[in-house]
Amino acid sequence: MALDHRKPRADTGAVMDAELLGVVVDGLSAAQKWLPPKLFYDEIGSRLFERICEQPEYYIPAAERWLLKAHANALAQYGGPACVLIEPGAGSAEKSLLLLQALDQPLAYVPVEISSTALAGSVARVRAAMPDLQVQPLCADFTRAFQLPKLDWRPWTRRIVFMPGSTIGNFAPHEARSLMADWRRLAGPRGLLVLGVDLLKPREVLEPAYDDAAGVTAAFNLNLLARLNRELQADFDLDAFAHRAWFNQAERRVEMHLVSRRAQQVRIGTHSFSWTRGETIHTENSYKYTPADFAVLALDAGWFRRELWVDPHGRFSLQCFEA
Ligand code: AVJ
């Protein structure tokens, strides 16, 4: 699909109403009801996610900031001069700035983001900090094929695909592998892949990270239903669902669910869905990896790992791969 990459769209994001309804009806019709986590990121959801990143239990942002500060110069060495940084799921682009400012005269920055408000914010942030850098935003769902904007390429221009924050963890391992294979083609023969990958660790650390004491993650999860009320005129009673997060040891993932507190029916347009008491909507998976397992997954997608950096608490990793 060819997308307009010149400016962010003015609507509420790349997930359109008709498409949103289709995705929701699909998910809520399944035996285990589910909704895809990309639906979290409307304007309110993107703001709530920023607040999750400030919660003490959610260790990822601090660990990653530490890793990027410690290793940005090493990554810049890999990138060389005048490379292009492509960031699928850019969000607010706070972490990209740490990398961009270390790179040697980067040619362009291409944030790809489903939320038009988050995208506009990331563009403004990078332009303010680096006025001479070409910023070419793409408002798109990065899980779909997208085309790179026309840039002033040289034959030797190196492309770096950058996905910090453990966004890759939202995908099942086979999906992560196929995304990494897509990026291998996107990045080309001298391409680089830089990923933030969350590490397998005890549930005592994992579960509070996805159920913070201040209740921000709960609000983030429940905002999904509020969004369906706003955009699809659904009639979810937000008090009738509760946020739950637990570590699924066998699948090596943290799962987030919305649990129905009672038997109930909900209307979405002409559709109607029912819940028994305790029945859930599965809203997110966040996969955790050992360093060895992730190296194999990346290798299957055509990427050779060159660097594995782990934060001082051993919780989170920054990994650099070459095509
Ligand atoms: C944005 C997918 C990396 O899985 O840790 C945070 C999303 N959900 N708290 C994650 C999230 C609940 C986050 N990612």
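Modeller: Happy to! Around the ligand stand Ile 52, Ile 60, Gly 165, Ser 166, Thr 167, Gly 169, Asn 170, Tyr 210, Thr 217, Glu 284 and Ser 286; a residue is near a molecule if its C-beta atom, placed from the backbone, lies within 6 Å of it. This shell holds three nonpolar, seven polar and one charged residues. Here Ala, Val, Leu, Ile, Met, Phe, Trp, Tyr, Cys and Pro count as nonpolar, Asp, Glu, Lys and Arg as charged, and the others, Gly among them, as polar.

Please keep in mind that this is a predicted model: local features need pLDDT of at least 70, side-chain atom pairs count only at pLDDT 80 or more, and totals for chains, interfaces and linings use all residues. Residues are numbered from 1 along each chain as its sequence is written.

Now to Leu 100, which sits in helix 4 (residues 94–100); helices are DSSP runs of H or I with at least four residues, numbered from the N terminus. Leu 100 counts as buried because 21 other C-beta atoms lie within 10 Å, the cut-off being 20 or more within 10 Å, with C-beta atoms placed from the backbone. Beyond its neighbours within four places in sequence, Leu 100 is in contact with Leu 85, Pro 106, Tyr 109, Val 126, Met 130 and Leu 133; contact asks for C-beta atoms, placed from the backbone, within 7 Å. Asn 73 is 27 residues from Leu 100 in sequence, and their C-alpha atoms are 10 Å apart in space.

Finally, Asp 17, Leu 20, Leu 21 and Val 24 in helix 1 meet Leu 228, Glu 231 and Leu 232 in helix 8. The residues of this contact comprise five nonpolar, no polar and two charged.

Note on methods
Helix = DSSP H or I, 4+ residues; strand = E, 2+ residues; numbered from the N terminus. Buried ≥ 20, exposed ≤ 12 C-beta atoms within 10 Å, placed from the backbone. Contact = placed C-beta atoms within 7 Å.
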